Amino acid sequence: MESAATVLISTCTYALLAAGIVILYKAGRVVNFAHGELAIVGGFVFYSTGLMSDNSLVLAILGAAVFSIVMGSIIYVTMMRRVVGEPFYVAILITIGIAIVLKSAIIVIWRAPRLTIDVGVTPAIRLPDGATLSYMDLASVLLTAAFFICLFLFFRFTRLGIQFRGTAENPLLASQRGVNVNFVLSLAWVIATLAATLSGVLYGGRAFLSTESASIGLAGLTAALVGGLDSLRGAVVGAFIVALAQYLTVRLIDPVLSEALPFLILLLVMSIRPWGLFGTVEELDRV
Amino acid sequence: MARAGYNLRTSYLESNEVLRRPYQKVLVLFVLFTALLLPAVSSNFFVHLLNLCFLAAIGALGLMILTGYCGQISLGHAGFLAIGAYTTAILTIHLKAPFIVVLPAAAICGVIAGFIVGLPSLRFRGVYLAISTLAMHYAIVFLATTYQSNFTRSASAGITIPDPSIGPFLLKGDITWYYFLLAFLTLVTIVCVNLMRTRPGRAWMAIRDRDIAAEALGINLARYKLLAFVMSSTLASISGSLMAYYSNVVTVEAFTLDLAIVYIAMIIVGGMGSILGALMGAAFITLLPYGIDTVFEFLPRSWRFGSSVFGVQVGAVGLFIILFLLFEPRGLAEIWRRIETYFERWPFRYRPLETVRR
């Protein structure tokens, strides 16, 4: 029971990250290597606004939201929009550059090597066989579920969501039909950054935040690839697979291996089914 | 013989010329001459910095072949360096192998590693290939970590490597290393420049510019892509081996993903698809942290709190990647080309010929 809870909670972290990566890939065919860093910086912003404002949850949420919106739009408007039509590597390398700059921002601004947050560690629920879930764990699961439901409703039913899907399908046609492609794409960055921040906040609540923990971004990337880079449904399934595999390796084989594990899964998936579990085959840029 | 200008090449022989402008030959000789005399006048620390630049340049040339010329992006360059360093460690510690055996052995391990890491390039390109090289990087680092923790029994300590000797000469001290590395880098540069004039070099550029068209022209894509990976990882492996000898220590902490990104920064800042760019970028990025350190010396003391200098040093690499990609995508080499053109055309101010940007 406890193991199920652990896997479920890491699934939530990875699923949020993978969702952001999938949204960005669908929107602009960009693979975001800075997602882990965005998550960690978002987490730092959330907790330090919380600490500065006397543990006011509202202000912390507001701070994190403002951070996500500003950060997402800045990245799109100042960088990503300018490299449309350049070779594919330009966009990727820019996200890598962003990752490094964010990492150094953590070192310069927060200075603390790692930030451990003491929230809701007291067990909230006792499960039948003695396992416990903290409030933070509970919040992780509920917020992740809420996020995915909102995302689903947004893409399915709202006008903007439909415009979004149209842009993902074919940006040129969408813009000719009057969709404001720039707005939609910057919205994609904002949503993705929000997802990353949420995941960083949840991750920080039960582990710790530091420059090293940005490697969860790579686990999220693996989850997105396992599920298929262009499938939101796949992001959840992929996250579950990565979390489960990681848990099993730590418990059964070797904790050191769990660092390299996402990539071993990645190699496996890429040699067997490179478009992922739910991805579309045509999407794959093959030789 | 009448020439149609420096930029227009009208025959096969002309198109194969390396230093077309007369002053370029003078310049190259001048630079080499200065480099030979430099240790006599400069401080030991500066020579040490130049050694680091030379080591980085060998690795950067390797990455330039793969990414700049063949267009295959690799995030696994640190893994290739690690292959060289760990081959060196294993051979010198367990077999007491001499330098002249270890270096070729490292190169051969690099060939094998490049072949394996290059295999996914037969199926993927673009983003997927980049991610698969990233995965390979972690696989190599995992192997290295396992070896190191078995060897030293503690993960934090590195493996110590004795100073190498070539025959009776002991390679020790910054100045000895300086001349050795200078000669080695010159050799590698000449090899790379010439490689780009031969069939493989042209095939790589064709693959970079449009792989399907290259295949239609009769270029064996699989073969030349693998060859690019092999060349790149061989150079990186040699560079890693030399680094291990130079710093006398091999530790897995050195070969992080960040190191691979630093090498990518070198070729971006230097300029994609230019040997000169690889050299300039390697020097720029290697000296950058020391430059920032110097700038911080002049700033008020209160600015130097804690680890902020380190943070800025880390961030500057990322910042330069972004700035160069956005504003000067062809890098320092292009800036240099513009300066050349300016003086060539002086006093006229024609716009320099634009190279085609994809």
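**A tour of chains A and B**

Begin by selecting A:Arg29, which lies in the loop between α1 and α2 (35-52) of chain A; helices here are DSSP runs of H or I with at least four residues, strands are runs of E with at least two, and both are numbered from the N terminus. The model is predicted: local features need pLDDT of at least 70, side-chain atom pairs count only at pLDDT 80 or more, and totals for chains, interfaces and linings use all residues. Residues are numbered from 1 along each chain as its sequence is written, and chains are lettered from A and ligands numbered from 1 in the order in which they are written.

Although not a glycine, A:Arg29 has a positive phi of about 55°. Most residues other than glycine have a negative phi.

Next, select α1(A) (residues 2-28) and α5(A) (residues 135-157), whose axes, fitted to C-alpha atoms over the stretch in contact, come within 9 Å and cross at roughly 40°; angles run from 0 to 180 degrees between N-to-C directions. Among the residues of α1(A) that meet α5(A) are A:Leu8, A:Cys12 and A:Ala19, and the partners in α5(A) include A:Val141 and A:Phe147 (contact: C-beta atoms, placed from the backbone, within 7 Å).

Now display both chains: the contact takes 37 residues from chain A and 39 residues from chain B. On the side of chain A that touches chain B, the largest share, 17 residues, comes from α4(A).

Finally, select B:Asn248, in the loop between α10 (221-247) and β4 (249-250) of chain B. B:Asn248 is not a glycine, yet has a positive phi of about 65°.

Technical notes. Contact = placed C-beta atoms within 7 Å.
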